[in-house]
Amino acid sequence: MDDNNIIDLFWERSEIAIKEIETKYGNLCKHVAMNILRSDEDAQECVNDTYLGAWNAIPPYRPKVLSAFLCRITRNLALKKYEYNRAKKRDVKMQLPIEELENCLLSASNIEEDYDAQYLAELIDDFLYTLTYEKRNVFIRRYWFFDSIVDISNRFQMSESKTKSMLFRTRNELAKYIRKEGYPI
Amino acid sequence: MKKETIREAVSLLEDNLIEEAINSKGKGIAKHYFRKWVSVAAVFCILISFGSTVWAVTTLKKDNLELYIRKLSPDNINLSVETEYKVDKFLEALKSDDPYYQYIAINRLIESFNDTQLREKVIKQIQPFIHSEEIELAEAASLAVDILSEKYESKNVYKLADESVVFTLFNHYSDYGSYNEIWRIAEGKLEKYFSFSNPSMYITEIIVSPDGKKIAVTTSSNKSEYVVIFDIENGRISPELVSSARIILGAKKGYDVFSRIDNENYSGINNINWVDSDRLYFNAILSYNDTEIIEEVSMEYNFDAKLFNIE
């Protein structure tokens with residue numbers, strides 16, 4: 001079913017909408033949650049909560065891109081759960097790939113003040129549009145979807161060392177871009 | 001800037017970018033090539049469709065079981081905060097339902113090598129894991145059995161000219177590499193040969209020199225990469241080559257070169273190879289001024305002459 005029709009079903013308060021997103025985007029949401037939580041049970045719980053979140057948000061909200069909207073909800077829920085698990089020390093896998101990026105940007109930071117995340121997000125968006133299709137999506141798959149290096153290499157049909165090297169360069173280019181565009185890091 | 005700001009900013013990426021990444025993939029097959037083979041593929045698809053369904057179910061099941069670890073701390077690999085090595089604790093952990101415990105136990109049981117009587121028992125208990133559906137467990141078990149039975153056939157065991165072998169435990173447990181310790185078996189005795197300290201948190205590669213007397217070891221944090229050479233025969237070690245090259249080139253070009261207190265160099269390497277038994281070659285990306293300047297260089301290091309050649 002077309003995304004617009006699914007959103008219409010939400011607006012009509014038809015529960016078929018939930019079945020439709022489960023069929024169409026259930027696996028995608030599960031993948032996002034699994035990348036963060038690495039637990040089938042926790043990931044499934046996040047996916048179910050995503051459906052509930054979508055049900056509560058639409059209406060009044062009308063997402064422009066349904067897949068991204070659902071992934072965003074799943075990602076936020078999974079990250080909350082991840083932080084909870086980490087605080088409880090339930091897990092040995094303590095690092096998410098986003099830390100590579102944080103470390104790279106923070107390394108260049110001299111100023112302790114904090115700045116607007118929305119403004120920084122816009123800069124990152126702008127930066128990503130300057131990249132090639134491949135570089136941009138490798139970056140987003142790693143730092144937004146938290147895909148493993150192996151998964152990214154398979155998706156883009158390239159070697160793991162090329163993937164690592166591409167990410168390494170892109171991180172550094174981003175730090176340079178942000179500095180150049182005036183964000184005070 | 002705070003970490004939270006970066007995390008929040010990334011989570012606010014545009015919907016259009018997220019959508020593109022959802023559907024993203026590598027370069028496809030050229031169109032003419034595709035047309036040529038499409039009829040053959042159609043027939044093939046029909047033949048395998050039933051098999052694919054079965055395979056998909058099996059794969060999904062397997063994906064859900066996949067073991068995934070990013071960083072192991074010393075506490076993690078001891079399975080507790082106590083540091084004394086106790087075989088019984090690890091043998092007990094093999095019986096656990098938790099694959100993380102099993103994985104750690106299998107790797108740590110390799111350390112029982114020096115107790116020849118105990119070895120048989122350990123091998124027997126690890127052996128069933130060779131057939132585990134969990135790839136990480138199966139690979140760890142194969143390595144453990146290979147070492148404990150003194151076969152040394154694994155690709156993760158490196159044979160040297162003096163008939164000793166070196167290896168790492170927890171091989172490629174993380175996206176970044178293996179646990180940052182090198183173990184060596186010489187004259188039938190296992191010893192921890194070298195432990196790297198932060199920021200060399202992972203060993204990414206071990207490359208044996210053509211004469212089998214030296215090893216080049218690459219390590220990484222999640223931000224920087226490093227290389228050192230060990231002369232096993234004479235018990236010598238080179239300086240860390242990437243940071244050294246960074247300083248030499250920086251001084252030559254008049255860059256503001258300083259070392260960070262955390263020893264991160266924000267530099268990377270690739271294409272590492274031995275030219276001969278003394279000279280190691282690799283390409284490096286060296287960064288200066290907080291990554292404002294990036295220099296891509298080819299580098300050769302002569303171990304005996306202690307000479308850097310950077311181009």
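The model is predicted. Chain A and chain B bury about 5,800 Å² between them, and the structure holds 22 salt bridges over all chains. The points below take the interface, chain A, and then individual side chains.

**Interface between chain A and chain B**

- The contact draws 68 residues from chain A and 52 residues from chain B.
- Of the area of about 5,800 Å² buried between the two chains, 54% is on carbon and sulfur atoms.
- Four salt bridges are counted between chain B and chain A.
- Polar contacts between chain B and chain A come to 16 residue pairs, with both residues at pLDDT 80 or more.
- On the side of chain B that touches chain A, at least two residues each come from α1 (3–11), α2 (15–22), α3 (31–65), β10 (268–274) and β12 (293–302) of chain B.
- That side of chain B is made up of 18 nonpolar, 14 polar and 20 charged residues.

- A:Arg169 pairs with B:Glu296 in a salt bridge, with the closest N and O atoms 2.9 Å apart.
- B:Glu20 and A:Arg136 form a salt bridge whose closest N and O atoms are 2.7 Å apart.
- This pair joins two chains, because B:Glu20 lies in helix α2 of chain B and A:Arg136 in helix α7 (residues 133–143) of chain A.

**Chain A**

- Chain A has nine helices and zero strands, and its elements run α-α-α-α-α-α-α-α-α from the N terminus on.
- Chain A has 185 residues, of which 56% count as buried.
- Among the contacts in chain A with a separation of 6 or more, 64% are between residues 24 or more positions apart.
- The accessible surface of chain A is about 8,400 Å², with 49% of it belonging to carbon and sulfur atoms.
- Within chain A, the side chains of A:Lys30 and A:Asp40 form a salt bridge, at 3.0 Å from N to O.
- A:Lys30 is buried, with a relative accessible area of 18%, while A:Asp40 is partly exposed at 31%.

- B:Lys214 belongs to strand β7 (residues 214–220) of chain B.
- The relative accessible area of B:Lys214 is 5%, so this residue counts as buried.
- The side chain of B:Lys214 makes a polar contact of 3.0 Å with that of B:Asp278.
- Leaving aside residues up to four places away in sequence, B:Lys214 touches residues including B:Ile207, B:Val208, B:Ile229, B:Phe230, B:Asp231, B:Trp274, B:Asp278 and B:Phe303.

- B:Asp231, B:Arg236 and B:Asp304 are joined into one network by salt bridges that share partners.

Key. Residues are numbered from 1 along each chain as its sequence is written. Chains are lettered from A and ligands numbered from 1 in the order in which they are written. This is a predicted model: local features need pLDDT of at least 70, side-chain atom pairs count only at pLDDT 80 or more; totals for chains, interfaces and linings use all residues. Side-chain values use heavy atoms; hydrogens and water are left out. Contact means heavy atoms within 4.5 Å. Buried area is the accessible area (1.4 Å probe) that two parts lose on being put together, summed over both. A polar contact is a pair of N or O atoms within 3.5 Å; within protein, one must be able to donate a hydrogen and the other to accept it, and residues adjacent in sequence count only if both atoms are side-chain atoms. Helices (H or I, at least four residues) and strands (E, at least two) are DSSP runs, numbered from the N terminus. Ala, Val, Leu, Ile, Met, Phe, Trp, Tyr, Cys and Pro count as nonpolar, Asp, Glu, Lys and Arg as charged, and the others, Gly among them, as polar. Buried means under 20% relative accessible area, exposed over 50%, partly exposed in between (1.4 Å probe, protein chains only). Accessible areas come from the Shrake-Rupley method with a 1.4 Å probe; for residues, only the protein chains shown count as cover.
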